[in-house]
Structures are given as C-alpha cells and as structure tokens.
Amino acid sequence: MDAQKYLKIAIIGVICIVVSVVTYGIYINDASRRHIEKMEAAQYTVLPVAHVGYRDFHAFAEEINFTVRAPWTIDVSAQYEGVLSDVRVVKSQRVEEGEVLATMTNNDLLAQTASAEADIEAARAQFINAEQTANRYKQLVEHNAISLQEYDSAVAQRDAALAQMESRISKRDLMLSEQSKMTITAPRAANIIQVYREAGRYVRAGEGIFMLSDLHNLMGRSVIAHDKFQQLLSVGDRFILEIQPHRLTNKAYPFGETSLPKTTLKLNQFYMELVSVVPDANADTDFHEVVWRVENPTGVLEPTYYDSVRIMSMDTIRKLAIPGRAVQKDVKTGNHFVYTLSDESRLVRREITCGIEGDGLTEIVSGLSEDEPVVVADPSIYTEGMKVGAKEYEF
C-alpha cells in the first residue's frame with residue numbers, strides 16, 4: 001500500500017512539474033512575441049489617422065475678388081440762393097428721411113416776406129372797409145335812399161379789394177414756399193458721403209451741398225468658378241461675406257463705435273443674398289459673374305475693391321467627410337486620392353471623388369466608406385506599401 005501511495009504522489013508531482021514548465025514556456029513565448037512586436041512597431045513611422053464619418057460643415061468659396069458699390073448716390077443741392085447758416089451733419093453720419101441737414105438764410109427773401117405780410121394787412125383793411133360800405137349801401141338801396149348804380153359801384157370796390165388781398169396772400173405764400181427751401185432735409189435714409197460746403201458759405205440755387213448714399217445696403221460683384229458656386233448653392237441661399245480684417249482698417253468714411261449695432265457676426269463678416277447670376281447657375285460654363293446684396297449695418301464695409309475674400313454658406317450640410325489635409329491630388333491626372341490602411345497596417349492609395357469643401361473638411365462622394373481610416377500627414381514622409389503605426393486624429 002505504501003508503494004502505491006508513493007507512486008501516486010510521484011506521478012502527481014511529475015504532472016505538476018510538467019504543467020509548470022509548459023505554463024512558463026507559454027508565458028515566455030507570449031512575452032517574447034509582445035517584445036518583438038513592440039520592437040518592430042518602434043521601427044514603423046507613426047502617422048495620424050482619421051476615420052471617415054458624417055460631419056456638419058459650411059461650404060466655402062475662397063480667394064475670391066469682390067467689388068462693392070453703393071446701390072445709389074445722390075447730391076443734395078440748394079433750391080434757393082443764400083448763406084449756409086447752419087450745417088447739422090458731418091461726413092459718414094447716418095441720417096433718416098426728412099432729417100434736417102442744414103439751414104440757409106436769405107435776408108432779401110426775409111424782407112420780401114415781411115413786406116408781403118404788411119401788404120396783406122393793408123389789403124385786408126381795405127377789403128373790410130369796402131365790405132362794410134357795400135353792406136350799408138345794400139340796406140340803403142332797399143329803401144331807395146341811394147341809386148342801384150351807387151350800390152353796384154360799392155360792390156365792385158369790395159370785390160376788387162378782395163381780389164387784391166387774395167393776390168397779396170398768394171404772393172406771401174410764394175415767399176413762404178421759397179423760405180421753406182432754406183431748410184435742407186434728407187430725401188431718404190442714407191449716409192453722408194461728402195459735405196461740399198461749410199457753414200457761412202454763400203451758395204447759389206442748384207449748387208451741391210451734400211452727397212448721400214446708402215452704405216447699409218450695398219451691392220457686390222464677383223466671379224466664381226462653376227463648381228464652387230454649385231457647392232455654395234447646394235447648402236442654401238443665405239451667405240456670409242468675410243473680408244480680411246486689415247482691409248477694413250483704413251476707412252474713407254469712418255463710423256464711430258457708438259454707431260455699431262449688436263451682431264452675431266465678426267466685424268469683418270457681412271450677411272448677403274444672391275441677386276443675379278450670369279450665365280445661369282446650371283449653365284455649362286467655367287465661371288459665373290454673380291451679383292449680391294450685402295448687409296452692412298455697421299458701416300464698416302465700404303464701396304471699393306477687395307481681393308481674396310471668402311464667401312461662406314450660412315447654413316451647414318451633413319455629409320460623409322474627412323479632414324481636407326488627408327486629400328492629395330495627382331499632378332498628372334488631376335484626380336484626388338488618399339492613403340488608407342490595409343489589414344497589415346500598410347499604406348494603400350485609394351482614388352476618391354470629392355464634393356463640398358469647408359471648415360477644414362472635404363466631402364467624400366465616392367471611394368471611401370464610413371469609419372474607414374485615412375492618413376492625415378505630409379505625403380513626403382511616406383510611400384505606398386510601407387508599414388506604419390497609427391495614432392488617432394480627431395476632427
């Protein structure tokens with residue numbers, strides 16, 4: 001019995017030793033494999049990799065030349081000669097329709113108006129006297145105290161006095177009408193572009209005093225490539241114009257800070273809408289000449305030429321997209337491509353079709369599927385087929 005017991009103990013001990021040796025061997029092999037993989041990975045170039053996904057972004061047309069003009073410009077002139085006694089506005093000021101811009105004085109016109117008022121009072125006294133005489137003669141003729149001819153003569157004198165009084169009132173009203181021209185008002189809401197004459201100057205009828213224009217609602221003109229224009233229209237019909245900030249610092253018509261309204265846009269951004277397109281937006285052409293209506297409530301934008309502007313869709317569109325930095329272009333064929341990863345983590349070139357570009361993103365029309373990896377790095381540091389490591393690129 002003791003021999004069998006010792007034999008069982010020996011067998012169990014051998015089994016334990018074998019299991020321990022096998023387990024240790026597996027551990028050593030696994031650690032060696034991990035070490036080898038780590039050493040191999042250390043030899044690979046590690047590149048940032050993004051995964052294709054759906055994103056909301058704006059459409060852009062960049063590096064656009066843009067000409068801004070005022071929709072209208074008018075001169076406000078003196079309607080009557082005189083001295084410009086008071087100028088109430090300054091260059092760049094915003095005025096509303098009917099607002100007084102300046103007043104003039106003409107002493108001769110004032111004297112003539114005063115004389116006309118005195119003539120009216122004299123004519124009114126003559127008329128009252130003639131009317132009283134006519135009324136008295138009417139009673140006398142009814143009692144046969146005077147002849148009908150005498151009464152008719154009194155009535156004629158009364159009518160003549162009335163006509164003279166009405167004539168002098170008309171003359172006075174004409175003088176008052178001319179006097180009203182001494183107050184110069186804005187014909188419509190506008191900005192004061194120029195002040196031609198200062199207070200104290202004598203001006204003649206028809207001589208310009210102010211130049212007015214509406215700088216809050218401007219017109220813009222640009223030439224845009226067909227594909228970029230189609231991209232803008234595919235998102236919506238509301239747009240934002242963005243000017244380089246340094247182009248808005250030296251202003252011909254400066255506005256004070258107190259005149260700047262609250263806005264959700266930056267000072268170098270402006271809402272605008274499409275007015276016309278030539279040729280038609282769907283025409284087979286390389287470029288379109290586009291006219292826009294530009295909102296300029298701050299008055300920061302001025303009628304002039306601006307280069308390298310950006311036109312952005314106000315609305316966003318959700319598309320399958322990748323970072324724009326991942327997209328490469330074949331200089332020979334003009335086709336776009338990206339580098340993706342094989343199952344063995346090797347670089348594979350993949351041709352793609354791009355759509356809308358904006359916010360640092362590029363829409364993928366074809367060539368890639370959602371969640372596929374694409375390399376986002378300078379292509380000069382890698383070549384197709386090389387094995388690489390990957391680190392996540394967030395976008």
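**Terms and their grounds**

Mentor: In β11, Ile-74 has Leu-212 as its bridge partner. This is a predicted model, in which local features need pLDDT of at least 70 and side-chain atom pairs count only at pLDDT 80 or more, while totals for chains, interfaces and linings use all residues. Residues are numbered from 1 along each chain as its sequence is written, and side-chain values use heavy atoms, with hydrogens and water left out.

Trainee: What makes β4 and β6 edge strands?

Mentor: Each of them, β4 (73–77) and β6 (94–95), pairs on one side only. They belong to an open sheet of four strands in the order β4-β11-β9-β6, with antiparallel pairing.

Trainee: What are the pairings of β5 with β10 and with β7?

Mentor: Strand β5 (residues 82–87) pairs with strand β10 (residues 202–203) over two bridges, in the antiparallel sense. Since the criterion asks for at least two bridges, this pairing qualifies. Gly-82 stands opposite Val-203 there. With strand β7 (residues 100–105), β5 pairs over four bridges, again antiparallel, and Asp-86 has Thr-103 as its bridge partner.

Trainee: Which strands make up the closed barrel, and in what order?

Mentor: Six strands form it, running β3-β12-β15-β14-β13-β16 with antiparallel pairing. From one strand to the next the twist averages 45°. Strand β3 (residues 60–69) is joined to strand β12 (residues 217–225) by four bridges, with Thr-67 partnered by Arg-221. β14 and β15 share six, and Ser-276 stands opposite Val-291.

Trainee: What does helix α4 touch in that sheet?

Mentor: Helix α4 (residues 226–235) touches β3, β12, β13 (238–242), β14 (269–278), β15 (287–295) and β16 (305–313), where contact means heavy atoms within 4.5 Å. Its direction makes about 125° with that of β12.

Trainee: Why is α2 called roughly antiparallel to α3?

Mentor: Helix α2 (residues 107–142) and helix α3 (residues 148–180) pack at an angle of about 160°, their axes lying 8 Å apart. Axes are lines fitted to C-alpha atoms, for helices over the stretch in contact, and angles run from 0 to 180 degrees between N-to-C directions. Angles under 35 degrees count as roughly parallel, over 145 as roughly antiparallel, 65 to 115 as roughly perpendicular and the rest as oblique; the angle of about 160° therefore makes α2 roughly antiparallel to α3.

Trainee: Which classes of residue form the contact of α2 with α3?

Mentor: The contact has 21 nonpolar, seven polar and 10 charged residues. Nonpolar covers Ala, Val, Leu, Ile, Met, Phe, Trp, Tyr, Cys and Pro; charged covers Asp, Glu, Lys and Arg; the others, Gly among them, are polar.

Trainee: What makes the meeting of Asp-56 and Arg-318 a salt bridge?

Mentor: The term requires a side-chain nitrogen of Lys or Arg within 4 Å of a carboxyl oxygen of Asp or Glu. Asp-56 and Arg-318 meet at 3.5 Å, N to O, so the pair qualifies. Asp-56 lies in strand β2 (residues 53–57) and Arg-318 in strand β17 (residues 317–323), 262 residues apart, and the pair thus links distant parts of the chain. The structure holds 19 salt bridges.
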